[in-house]
Amino acid sequence: MIHLKKIIFSLFIGLACSVANASSDDEIGLARLSSMVQSFSILSYQGVFVRSQGEDMNSMKIRHGIIGESEYESLIDLDGDKIEVIRVDNSVICVYPDISFANTATPVSAPLRQFKELNGERLLEGYSFKLSKKKELIAGREAEKLSLIPKDAYRFGHEFWLDAENNFLLKHDTLGAQGKVLDRVQFTDISFSPALKKSDFVPRLGTYSRHLVEVKPKMTDNKWHFEWLPDGFAPVWRDARILNERTAMLLLSDGITSISVFVEPTTEVKPYSVMEMGSTTVGEVSRSLQTDILRLTIVGEVPEQTVEKMLMSFAPRTTL
Amino acid sequence: MNTSEETLQNERIALSLSDLVDDRLSTEDLDFLLELDAKDLDAKLNAYAITKQVMGNATEARLNMAEFDLLHRVRVGIEDIVPDAVDTVTDETFEGNVTHRDTNVVNLMQQKILADAKLDNDNASEKKGNLISMKSFALAASVAFVALLGGQLFLSQDAGFSSANLDTLAVASVDQTDDILASPQDIKALSLDVHNERLQSYLRQHTEQATMATGQGMIPMARVVSFSLEDEQ
């Protein structure tokens, strides 16, 4: 625990120096948020969380521990067919109920290492922080609510309930403009002394496991840019990622929210269309840009107006 | 006109119609046919006018305009001479008489109607664009999105055109067909499948890559796992 406090303190000092203009609340909020991110990899925990969107909800069991010199982690769906993802350091396997299930399911191909360092400056461009000192009980643990209040209408708000003792994330709400909860993740049970063993991360008997191989993505020059972006949003990748022969993908983030942009040639100009699912917005338009007609699709956890404005401000770079 | 004159005229009509079909119709015979047609048209219009005058506005009389169509009359004439020769012409010419043997035409019609309807909708809703494809995608996306992400879909209400309208249009266009290989729903689904797959692929890519930026351990992976689960179902 002393070690954890040192980490939190050093993160606090580091972030405070890097964001000299931040208010006291912002500095404390950033430090707590950074500590939350760290807690996912340095703590041992075992718990069940519920993910809800609208009237639908699903529960997942998560386990994480440092056993020997290795980091073990697993996630299992409790409501569906009990598909499980197990990670041991950089090795990830996906466990299916049987081989036929594995052959029909779309393979999981998420990045094996999902953590990235928080970018305090970007976050402060888009959000102000407010930490409530009022203690609330989440999953039987005392928690403090950290609010990320959007500074404009181009992003959603976030509320994180952090464990008062170790800053672990116990609950996360994504809030719409009127404070409506669009997405929620909440632990219903959590233990930070789970006494995990290696055998806890061995696939169950009778299941079928498939090793996930992270394929190095093909990249290409990013030939486009946005004439307008919400404050704090910037490309995560310097180049564009090639998905197939026709489609390139750009990824942007403000430090906590991601926006994906897909670009591909098409033959006809089509007007803007949009769909919203919880906090996720999908917008699309086909536009004539220079000599080409391009279909632009944006997927992100941002309001519809952000997607629309970004689509209309997309333009080819004049110089690379 | 006595019986022999009538017979002669009928024979000439038959020969003229046959020449018309064979593309050997002389100018004289063409004038003859048109004159007959005009006489017949006059007679029917006169009869219609008298009928309408008698019945006044109380009853709405309807004419079968097809009977006034020269092509229709040619078809009837040929049918009198060579009954079996007509079907081919019918199926390829008259949309209103589409039979089960010509599903390709039906399909083309449906596709055109769907395309036209979609184009109209595109033009009508410049601001929000059309949500026909997105709505279809929403249904398909529910496959990928509902379970773990939860799947409450909020479609914009101002699209002004729904897939139900589209269905009605398509059904109305083919209501005389008995045995259509592909239903309007099937065609719509087929035409949008590629679109849906593409959008779902983008949604998946976004979800997978976004896990990098959240800093919440494996929690965001719940979304990715959900894609696999729902794809299987």
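Me: Why does B:Q209 count as buried?

Reply: Buried means a relative accessible area under 20%, exposed means over 50%, and partly exposed lies in between (1.4 Å probe, protein chains only). At 3% relative accessibility, B:Q209 therefore counts as buried. Here residues are numbered from 1 along each chain as its sequence is written, while chains are lettered from A and ligands numbered from 1 in the order in which they are written. The model is predicted, so that local features need pLDDT of at least 70, side-chain atom pairs count only at pLDDT 80 or more, and totals for chains, interfaces and linings use all residues; side-chain values use heavy atoms, without hydrogens and water.

Me: What joins the side chains of B:Q209 and A:R241?

Reply: The two side chains are joined by a polar contact of 3.1 Å. The term requires a pair of N or O atoms within 3.5 Å; within protein, one must be able to donate a hydrogen and the other to accept it, and residues adjacent in sequence count only if both atoms are side-chain atoms. B:Q209 itself lies in helix α8 of chain B, where helices (H or I, at least four residues) and strands (E, at least two) are DSSP runs numbered from the N terminus.

Me: Why are B:E208 and B:R204, 4 residues apart in helix α8 of chain B, separated by about one helical turn?

Reply: They stand 4 residues apart within helix α8 (residues 184–214) of chain B, and for that reason about one helical turn separates them. B:E208 forms a salt bridge with B:R204, with the closest N and O atoms 3.0 Å apart. The name applies because a salt bridge is a side-chain nitrogen of Lys or Arg within 4 Å of a carboxyl oxygen of Asp or Glu. Both residues are buried. Salt bridges with shared partners also join A:E264, A:E284, A:R295 and B:R198 into one network.

Me: What makes A:F160 buried?

Reply: A relative accessible area of 0% makes A:F160 buried. This residue is found in strand β8 (residues 157–163) of chain A. Beyond its neighbours within four places in sequence, A:F160 is in contact with several residues, including A:L33, A:E144, A:I256 and B:Q216; contact means heavy atoms within 4.5 Å.

Me: Why is one side of β6 and of β11 of chain A left without a neighbour in the sheet?

Reply: The open sheet has 11 strands with antiparallel pairing, in the order β6-β7-β8-β9-β10-β1-β2-β3-β4-β5-β11 (chain A). β6 (127–138) and β11 (208–212) stand at its edges, each with a single partner strand, so one side of each has no neighbour in the sheet. Two strands pair if DSSP finds at least two bridges between them. Strand β1 (residues 45–53) of chain A and strand β10 (residues 181–191) of chain A run antiparallel and are joined by 7 bridges.

Me: How do you know that strand β16 of chain A is largely enclosed by the rest of the structure?

Reply: Strand β16 (residues 248–253) of chain A has 6 of its 6 residues buried, so it is largely enclosed. Both of its faces are covered, with A:A248, A:L250 and A:L252 on one side and A:M249, A:L251 and A:S253 on the other. β16(A) pairs in the antiparallel sense with strand β17 (residues 258–265) of chain A over 6 bridges. These two strands form a hairpin with 4 residues between them, and A:G255 in the turn has a positive phi of about 105°.

Me: What is the mean pLDDT of chain B?

Reply: The mean is 53, and 28% of the residues of chain B reach 70 or more, where pLDDT is the predictor's confidence in each residue, from 0 to 100. Over residues 138–180 of chain B, pLDDT stays under 50. Where pLDDT is low, the predicted coordinates should not be read in detail.
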